[in-house]
Amino acid sequence: MPGPVDRLDAEIVALFAREPRVGVLEASRRLGVARGTVQARLDRLARSGVVRGWGPEIDAEALGFGVTAFATLELQQGVGHSVVARHLRTIPEVLEAHTITGSADMMVRLVARSNADLQRVLDEVLAGGGVVRTSTVIALATQVPARALPLLGKAADGSASPDS
């Protein structure tokens, strides 16, 4: 059964990921397909949810948030994930939060300006209530940055991505 994308879809998305300002006309010229084909495929990928956005990527470190940490949260029974998640959404330094399996209930990726600022952010996480315990690790270096293009390539045809 074919997946939701093919090789041309992967090439289009990879081109726009590398050069977000390339434009549909230039993309069609470089890929050797009609402008309407590129536009229709971009529209379909956005409509289907494969492509979630076209905005710029923001580098937290360049903004002065040089500490990245991962915190697991153990939630108070009966409070619910949605209550805690609602509070986490109000904290700008919380970049992601996931419900997880294992001894903790949620995993949070967050950033801070320094180790001391990380304590402030964690205190803010706890201030919302519903969190019984946290455990935090600080990332020392990013070995593989957040990415999806290799997965797109695999979904397209099972081979290596167009931009591994």
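Glu96 stands opposite Arg109 in strand 3. Strands (E, at least two residues) and helices (H or I, at least four) are DSSP runs, numbered from the N terminus. The structure is a predicted model, in which local features need pLDDT of at least 70 and side-chain atom pairs count only at pLDDT 80 or more, while totals for chains, interfaces and linings use all residues. Residues are numbered from 1 along each chain as its sequence is written, and side-chain values use heavy atoms, with hydrogens and water left out.

Four strands form an open sheet in the order 2-3-1-4, with antiparallel pairing; two strands pair if DSSP finds at least two bridges between them. Strand 2 (94-99) and strand 4 (131-138) are the edge strands, each pairing on one side only. On average, neighbouring strands of this sheet are turned by 20° against each other, direction ignored. Two of the pairings are set out below.

| Strand pair | Sense | Bridges |
|---|---|---|
| Strand 1 and strand 3 | antiparallel | seven bridges |
| Strand 2 and strand 3 | antiparallel | five bridges |

Within strand 3, Arg109 is the bridge partner of Phe70. Strand 2 and strand 3 also form a hairpin with six residues between them, and Gly102 in the turn has a positive phi of about 105°.

**The nonpolar core**

The largest nonpolar core has 19 residues, and those with the most contacts inside it are Leu73, Val84, Leu88, Met106, Leu110 and Leu118. Such a core is a set of buried Ala, Val, Leu, Ile, Met, Phe, Trp, Tyr and Cys residues joined through side-chain atoms within 4.5 Å. At least two residues of this core are supplied by each of strand 1 (67-75), helix 4 (81-88), strand 3 (106-112) and helix 5 (115-127). Strand 1 gives the largest share, five residues.

Apart from its neighbours within four places in sequence, Leu88 is in contact (heavy atoms within 4.5 Å) with Leu73, Val94, Ala97, Met106, Val108 and Val125. Helix 4 lies across strand 1, strand 2, strand 3 and strand 4, and runs at about 10° to strand 3. Axes here are lines fitted to C-alpha atoms, for helices over the stretch in contact, and angles run from 0 to 180 degrees between N-to-C directions.

Ala71 is found in strand 1. This residue counts as buried because its relative accessibility is 1%; buried means under 20% relative accessible area, exposed over 50%, and partly exposed in between (1.4 Å probe, protein chains only). Leaving aside neighbours within four places in sequence, Ala71 has contacts with Met106, Met107, Val108, Leu110, Leu122, Ser135 and Thr136. Between Ala71 and Val51 there are 20 residues of separation in sequence and 28 Å in space, C-alpha to C-alpha.

**Helices 2 and 3**

Helix 2 (residues 24-31) packs on helix 3 (residues 35-48) at an angle of about 115°, with the axes 8 Å apart. Helix 2 and helix 3 are therefore roughly perpendicular to each other, a class that covers 65 to 115 degrees, whereas angles under 35 count as roughly parallel, over 145 as roughly antiparallel and the rest as oblique. The contact is made by Val24, Leu25, Ala27 and Ser28 of helix 2 and by Arg35, Val38, Gln39 and Leu42 of helix 3.

Arg41 also has its place in helix 3, and at 19% relative accessibility Arg41 counts as buried. Beyond its neighbours within four places in sequence, Arg41 is in contact with Asp6, Leu8, Asp9 and Ile12.
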